[in-house]
Amino acid sequence: MADRIIILGAGESGTGAALLAKSKGFEVFLSDKGAIADKYKQQLSDAGVFFEEGGHDYSRWVGAVLAVKSPGIPPHAEPIAWCKEQSIPVIGEIEWGARFTNKPIVAITGTNGKTTTTLLAHHLITSSGLNYALTGNVGKSFANAVISDGKYDGYVVEISSFQLDDIVEFRPHIGVLLNVTPDHLDRYQYNMDLYLASKMRLVMNMNASDYFIANTADEYTSKGVDQGSGDYKLISINKEGNTADVLISDEAIAFAVGGKEFVVGNDELPIKGPHNQVNAAAAISAALLTGIEPEVIKQHLKSFVNAPHRLQLVREINGVEYVNDSKATNLEAVFYAIKSFKKPIIWIAGGVDKGNDYELIKPLIREKVKSLVCMGVDNKKLVESFTNEIKVFDTDSIKKALAVAYTEAQQGDVVLLSPACASFDLFKNYEDRGNQFIDAVNKLGEGVSND
């Protein structure tokens, strides 16, 4: 009789884990306390995977040899506690997938910039002719991709701290840590050192044949490198004037990676802003370490198109640029977004506050921002933080915020949606917020209303 596997959660991650388990001959049962999306129900049914939704019937879990959890389930949740009481090991979907492949893995983490870096690394690697799957928090789930392991040369995986918390033996050949800044601290007892320790689990199983690409210009990443241990080969990224394998200046990025030395000018990069120099440096370094030549990388940089909602120019109206940076859900991301522009900024921000300390960005706001248009159900903290610094407007919808911004903006300005907050007060998620912003921008000029 086949061993029994319990899958906890039925999103992209959980469904992928269930499908992999089924493909390997396990008896699989999936359980989700909420409703399962129709597309995932269809995939599970087509594969012959039994499932339950709307709650957990633990009697149906008895006899399982392993539980695979989705990353959104916190470690102290009731189903995890039940599994531990029954001595059922609990791992994450990333760990589960890694047990069925020996192909090289490029794993990319960091508080900000993961998706951009992952997409660029994957673009450069695959444009050279290597067939690497795009997986993790972008693309299909890692476990789902591993079902077709035979057709891939390797994997590029965007990986979060939540996913790293659930690994045991997962070992990337190339690991990337972009930065560690305050975010998700409710999961880590509001302790940055615990959050850093989670990120550093990326390298815990590496050996002397593996590479760790680390942005040592970042305070906590540098601290993690200094405090960490491992046999990996460190590839450091830092700013000009420091000692590092990759040096960033105002004009270019200089590489000395994998025995190759070359320079990429900032004007050759398809992504703009100082934060994106780090993202590009990390992605290019990863591509180099997979064996791609510098001239090939330079050629394919030109054809990269970033994911939406990341400093995405939506439209220019009357000499004003409207930019969608809805993915900027924390202050670090907003800081770098604002620094990316030399033009005066009308800043649209707001949503569900994540414990932001706005004092950290006040000097930059005074320097670069003309007006703040708050957009949310409760904007009190933002309004109080900036009323004495710049002109502040208080609105409760994307349409009203854009109507104000449209009126305030002058030729040569930038209207920047960079919220610094979670989206759940007015929107389904940051994509919904960004899409509504795009839609509203595209309707500007048809007749602007504050209604």
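The following legends describe close-up views of a predicted model.

Residues are numbered from 1 along each chain as its sequence is written. Local features in this predicted model need pLDDT of at least 70, side-chain atom pairs count only at pLDDT 80 or more, totals for chains, interfaces and linings use all residues, and side-chain values use heavy atoms, with hydrogens and water left out.

View 1. Strands (E, at least two residues) and helices (H or I, at least four) are DSSP runs numbered from the N terminus, and two strands pair if DSSP finds at least two bridges between them. Strand 1 (residues 4–8) runs parallel to strand 2 (residues 27–32) and is joined to strand 2 by five bridges. Within strand 2, Val 28 is the residue opposite Ile 5.

**View 2. Packing of helix 1 (residues 12–23) on helix 2 (residues 38–47).** The axes lie 10 Å apart at an angle of about 5°; helix 1 is therefore roughly parallel to helix 2. Axes are lines fitted to C-alpha atoms, for helices over the stretch in contact, and angles run from 0 to 180 degrees between N-to-C directions. Angles under 35 degrees count as roughly parallel, over 145 as roughly antiparallel, 65 to 115 as roughly perpendicular and the rest as oblique. Glu 12, Thr 15, Ala 18, Leu 19 and Lys 22 of helix 1 meet Tyr 40, Gln 43, Leu 44 and Ala 47 of helix 2 (contact means heavy atoms within 4.5 Å). This contact comprises five nonpolar, two polar and two charged residues (Ala, Val, Leu, Ile, Met, Phe, Trp, Tyr, Cys and Pro count as nonpolar, Asp, Glu, Lys and Arg as charged, and the others, Gly among them, as polar).

**View 3. Packing of helix 10 (residues 274–289) on helix 11 (residues 294–301).** Here the angle is about 135° and the axes are 10 Å apart, so helix 10 is oblique to helix 11. Ile 284, Ala 287 and Leu 288 of helix 10 meet Pro 294, Ile 297 and Leu 301 of helix 11. The contact residues divide into six nonpolar, no polar and no charged.
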